[in-house]
Amino acid sequence: MDFQHLTFFATAAFSLEGLVAAELRRLGFEDAKAELGGARFTGSIADGFFACLRLRMADRVMIVLAEKQCMTFEDLFQLTLSVPWEQLLTVDGQYNVSGKCARSQLMSISDCQSICKKAIIERMRRHSSASVFPETGIPYPIHFSLHENLCRLCLDLCGSALNRRGYRTWNGEAPLRETLAAALVELSPWRPGMPLHDPCCGTGTLLIEAAFREGHRAPGMNRSFVCEAYPFLSKQQADEIRSKVQNEFEPDRIMNISGSDIDPEAISLASRHVHQAGLDGYISLQCLPLEELTLDHAEGVFLCNPPYGERIGDRKSCSVLYSHLHALLRRHPGWSLCAISSDPNFEHAFGKRADKRRRLYNGRLECQFLTYLSDEKKNRYSR
Ligand SMILES: C[S@@+](CC[C@H](N)C(=O)[O-])C[C@H]1O[C@@H](n2cnc3c(N)ncnc32)[C@H](O)[C@@H]1O
């Protein structure tokens with residue numbers, strides 16, 4: 001196996017695949033291409049580790065080991081057996097196989113897991129002197145994905161998913177997944193250097209992700225990845241990459257990021273998360289209903305994830321809140337406003353058609369990400 005020339009798959013939430021491919025290309029992976037469920041790119045094992053540290057919107061980074069149509073368990077067994085596992089795994093490693101099946105002949109996840117594991121052990125037995133595999137060593141998360149009978153076998157480099165940045169310990173009310181929050185920051189007209197305010201900031205996810213971007217803070221900087229224990233990733237090289245990424249963090253670039261929320265408990269959770277993200281003093285927070293919010297800057301972007309009113313009883317109060325968001329925008333004529341909502345009534349309740357809308361999924365919930373541009377921005381776009 002050539003660890004200098006590997007194919008990787010960065011998995012992504014449905015609807016974020018194109019954003020992840022573009023993010024990879026910005027990181028220097030020029031061949032990155034979006035596919036259903038993620039983006040594919042190539043590089044060395046060190047590049048794969050770098051991607052784990054840096055990617056903001058992907059869920060995982062995995063090495064693609066084999067891909068082929070599998071109609072039967074025998075096909076799956078032979079495909080798994082063809083992978084040179086002896087070059088990847090230690091004899092005492094924990095071979096943790098997980099996977100998913102969709103629209104395929106093989107639809108039993110547990111049976112596919114057993115077949116893959118059997119083939120891995122068989123291959124290890126044939127290519128090493130070991131006959132016992134105690135599974136007491138380092139974990140190797142191995143993943144299969146069967147979609148329309150095409151099976152992709154991968155080795156995960158991450159362990160816990162990439163949204164686990166290490167700053168969130170308390171969830172509050174309906175927090176956004178960090179990777180989706182990073183995508184909303186990317187899709188909004190906000191760019192580093194501009195003021196950004198989240199008027200219903202909850203636990204502060206959008207603010208922290210924007211601050212990470214503004215300060216060039218790699219989201220994985222303070223967490224570990226399973227691949228750091230893999231024998232084929234040089235420790236020295238991994239340490240060099242990590243320290244390079246750490247040196248790129250410039251917190252003093254972070255300015256004018258702020259948030260407010262009506263709920264004092266949300267603000268105390270947000271302060272805790274800001275602290276745990278190492279951003280004390282770089283994000284200002286205030287307990288205030290958005291109806292009373294007025295900001296000094298002439299221009300900026302409101303970015304928010306207001307309540308959706310999933311329960312019937314909450315719909316009316318959400319409609320009122322959306323109209324208050326419109327009033328907030330009118331009080332700040334140089335500002336743009338972006339909101340994610342699953343409420344199909346959002347634009348009606350807001351009282352204005354959005355300038356842009358994009359369909360996104362918050363977990364399984366279909367949402368719209370709506371953008372209302374300031375007049376100044378609208379003129380700039382129309383020129
Ligand atoms: C869906 S949560 C936001 C979650 C947040 N994005 C996060 O990641 O934690 C909606 C937030 O809106 C806040 N909220 C509701 N009504 C509000 C109002 N009138 N003014 C300000 N905040 C409000 C709630 O307290 C709640 O924290």
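The model is predicted. The domain assignment of the protein gives two parts, domain 1 (6–156) and domain 2 (178–217 + 248–382), and the C-alpha centres of these two domains lie 36 Å apart. Where the domains meet, nine residues of domain 1 are in contact with eight residues of domain 2, and the side of domain 1 that touches domain 2 is made up of six nonpolar, one polar and two charged residues.

Seven strands form an open sheet with mixed pairing, in the order 2-3-1-4-7-6-5. Strand 2 (33–35) and strand 5 (94–102) stand at the edges with a single partner strand each, so one side of each is left without a neighbour in the sheet. On average, and with direction ignored, neighbouring strands of this sheet are turned by 35 degrees against each other.

Two helices lie across strands of this sheet. Helix 1 (residues 17–26) lies across strand 1, strand 2 and strand 3 (38–43), and runs at about 20 degrees to strand 3, while helix 2 (residues 45–54) lies across strand 1, strand 3 and strand 4, running at about 15 degrees to strand 1.

Strand 9 pairs with strand 8 (residues 196–198) and with strand 10 (residues 283–287). The table sets these pairings beside that of strand 1 (residues 6–11) with strand 4 (residues 60–69).

| Strand pair | Sense | Bridges | Residues standing opposite |
|---|---|---|---|
| Strand 1 and strand 4 | antiparallel | four bridges | T11 and R60 |
| Strand 8 and strand 9 | parallel | three bridges | H197 and S258 |
| Strand 9 and strand 10 | parallel | five bridges | D261 and C287 |

In soluble globular proteins, nonpolar side chains tend to be buried together. The largest nonpolar core here has 112 residues, of which A10, V20, C52, V61, L184, A211 and L303 touch the most other members. Domain 1 and domain 2 both give residues to this core, so it lies between them. V61 shows how such a residue is surrounded: leaving aside neighbours within four places in sequence, V61 is in contact with F8, A10, G48, A51, C52, L55, L157 and C158. Among these partners, A10 and C52 are also named with V61 as residues that touch the most other members of the core.

Conventions
Residues are numbered from 1 along each chain as its sequence is written. This is a predicted model: local features need pLDDT of at least 70, side-chain atom pairs count only at pLDDT 80 or more; totals for chains, interfaces and linings use all residues. A nonpolar core is a set of buried Ala, Val, Leu, Ile, Met, Phe, Trp, Tyr and Cys residues joined through C-beta atoms within 7 Å. A residue is buried if 20 or more other C-beta atoms lie within 10 Å of its own, exposed if 12 or fewer, and partly exposed in between; C-beta atoms are placed from the backbone. Domain bounds come from an automatic or database domain assignment. Two residues are in contact if their C-beta atoms, placed from the backbone, lie within 7 Å. Two strands pair if DSSP finds at least two bridges between them. Axes are lines fitted to C-alpha atoms, for helices over the stretch in contact, and angles run from 0 to 180 degrees between N-to-C directions. Ala, Val, Leu, Ile, Met, Phe, Trp, Tyr, Cys and Pro count as nonpolar, Asp, Glu, Lys and Arg as charged, and the others, Gly among them, as polar.
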